There are 2 protein chains.
Amino acid sequence: MVDQVLITDVVLRDGLQDEPIAVSTEDKLRLAHGLIDAGLTSLEIGSFVHPRKVPQMADTDALVARMSGTPAMLHTLVLNEHGARRAVAAGARHARLVVSASEGHSQANAGLGTFHALDRLALAAEVLRAGDVRIEACIATAFTCPFDGDITPARTARVADRLVSLGARVVHLADTIGAANPSQVASTVIAVRDRQPSLLVGLHLHNTYGMASASAWQAIQLGITRFDASLGGIGGCPFAPGASGNIATDDLVNMLHREGISTGIDADKLTVVRDQLAALVGHRLSSALASVPAGPSAFRG
Amino acid sequence: MVDQVLITDVVLRDGLQDEPIAVSTEDKLRLAHGLIDAGLTSLEIGSFVHPRKVPQMADTDALVARMSGTPAMLHTLVLNEHGARRAVAAGARHARLVVSASEGHSQANAGLGTFHALDRLALAAEVLRAGDVRIEACIATAFTCPFDGDITPARTARVADRLVSLGARVVHLADTIGAANPSQVASTVIAVRDRQPSLLVGLHLHNTYGMASASAWQAIQLGITRFDASLGGIGGCPFAPGASGNIATDDLVNMLHREGISTGIDADKLTVVRDQLAALVGHRLSSALASVPAGPSAFRG
């Protein structure tokens, strides 16, 4: 049974990239340091995407440079060779290659089908390896796609194979639209691990349809110990504006602690950072805990 | 593996009892008939509690009488002998005895400790049996209590034993404050079933801490096939005003259908009734699906 989980908080990337107003680099740094102070050891802080495409991520280079030396692992998304060069130049130690398992989402996002996009990512991976950047990867639409529907476990497993061949030692399976059901998550995790027994498999879940905690719990039963999560649950699904976002770091930490699974995270400090985030974005957060009135509770981790 | 689940929608009781404004009997009837038309075969429609204590439930007698002859199973809560007499007089065919597993909640709600409250319920059970009303039961704070903290599985199992001896053939374990974690739900379900192998055990979950779908999924792994749920997820926890309410019927149906588990419920018709409910209560519903933009989706059951 799992007794420890590594949570990567992705609020600075997946959370803030969907906010209508770009948060300043200074405010991002304050959030990042608050999270690290609360015990987070892994953060996804930005994306080397074109600033015209996602202006909220335009300061990723600056953020990586200014956070060099922080004890936490700092992840960024790399979508192509140019992004890889930016990652190396900024001094990134870790980067996550991103590809969509589904043809439809890959075409919409990368302008290429999945396996052509992987060919192009090979160039990015070369740049990262040469720059001594540790490669991880994230498979978007690993379970379900807004265009193609359900994705077979075999297809996602083939994508994972290719990412391993590009040097990824960790692959996060992303339920981009938050529609995966728990046994679908299980089948895909099993298919990936069957073919890549030494690969570290993580999950990136969204709560659009209210199934994120069920899928996380199912994954824990399978021994998964790496989860992406976003403080306050922000970070919507672009295909479901207004819906719940990522699985919330605060909710996931609470469930894990209640289960006796350690995360190294101080839930009280996390609450303080979540309140700062709420003030910054100026709207209701979507984590369950954000709506539970403050005060001591026996039921928080 | 479970292939069919019986959902009891409790919106007319647990949902509406927390609304600041009482919904009219006519509107309740419209909702009830909408739910039945959507395929629900089991509804909890009211509570024989004193109308001064919960004015929203004052029309329970009328509702039961006016719905006699509907094909669905109609449940009501019975808290004492007087409530049992009202149930019989109204022509109820089913009633649910309610008791709190925790001493603190029982004292606060019933003015008596758990086992004294059970002694008093024995009188109610006698009235129900004499009136040929089928007895079910609901154990409040079966896992966690706002006053006493976590409740041991053994204690909840002892309460279930007493309810069985009073004639209950089905016992719903209620996570009144929505703080139970999945393996806690599992331990308690197992403890109850170990002592009462022929008892039908159901779950009544709240999503206060975002763990309801995880616990439901865990319970399904254990073969549980009966769930209470509330349309739109309304029905807050009185100890956490503003927090998420009951596990949402719409979300649960979606997860079960995605899992290939049948419920007999038409998800599209359910959405129509949910929209009527939203108009009636005049506020945002807390189900995840209520926030997913309308339109066809491959990911709804």
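Helices and strands here are DSSP runs, numbered from the N terminus: a helix has at least four residues and a strand at least two. Keep in mind that this is a predicted model.

**Exercise 1. A pocket and its lining**

Task: Find which elements of chain A line the second largest pocket, and describe the residues there.

Solution: 
- Step 1. Start with the space itself: the second largest pocket holds about 850 Å³.
- Step 2. Go to its centre. The pocket is lined by 36 residues, and the closest to the centre are R13(A), Q17(A), L79(A), H105(A) and N109(A).
- Step 3. Now collect the elements. In chain A, at least two lining residues each come from the helices α1 (11-15), α4 (81-90), α5 (103-110) and α6 (114-130), and from the strands β4 (94-100) and β5 (134-140).
- Step 4. Look for the largest share: α5(A) supplies it, with 4 residues.
- Step 5. Sort the lining by class, and you get 16 nonpolar, 15 polar and 5 charged residues.

**Exercise 2. A covered strand**

Task: Decide whether the residues of β8(B) are buried or exposed on its two faces, then place the strand among its partners.

Solution: 
- Step 1. Recall a rule: in a regular strand, side chains alternate between the two faces of the sheet.
- Step 2. Apply the cut-off, where buried means under 20% relative accessible area.
- Step 3. Take the faces in turn. V170(B), H172(B) and A174(B) are buried on one side, and V171(B) and L173(B) are buried on the other.
- Step 4. Find the partners. β8(B) pairs in the parallel sense with β5(B), residues 134-140, over 4 bridges, and A137(B) has V171(B) as its bridge partner.
- Step 5. β8(B) also runs parallel to β9(B), residues 200-204, with 5 bridges; here V170(B) stands opposite L200(B).

**Exercise 3. One arginine**

Task: Why does R120(B) count as partly exposed, and which residues does R120(B) contact beyond its neighbours within four places in sequence?

Solution: 
- Step 1. Locate R120(B) in helix α6(B), residues 114-130.
- Step 2. R120(B) is partly exposed because its relative accessible area is 33%, and that class lies between under 20% and over 50%.
- Step 3. Set aside the neighbours within four places in sequence; R120(B) then contacts L79(B), A110(B) and L112(B).
- Step 4. Finish with a distance: 23 Å separates the C-alpha atoms of R120(B) and V201(B), which are 81 residues apart along the chain.

Conventions: Residues are numbered from 1 along each chain as its sequence is written. Chains are lettered from A and ligands numbered from 1 in the order in which they are written. This is a predicted model: local features need pLDDT of at least 70, side-chain atom pairs count only at pLDDT 80 or more; totals for chains, interfaces and linings use all residues. Side-chain values use heavy atoms; hydrogens and water are left out. On a 1 Å grid over the protein atoms alone, a cavity is a set of points where a 1.4 Å probe fits but cannot get out, and a pocket is an open set with protein on both sides within 12 Å along at least five of seven lines; lining residues have an atom within 4 Å of a point. Grid points are joined across faces, edges and corners, and a volume is the space filled by probe spheres set on the points. Ala, Val, Leu, Ile, Met, Phe, Trp, Tyr, Cys and Pro count as nonpolar, Asp, Glu, Lys and Arg as charged, and the others, Gly among them, as polar. Buried means under 20% relative accessible area, exposed over 50%, partly exposed in between (1.4 Å probe, protein chains only). Two strands pair if DSSP finds at least two bridges between them. Contact means heavy atoms within 4.5 Å.
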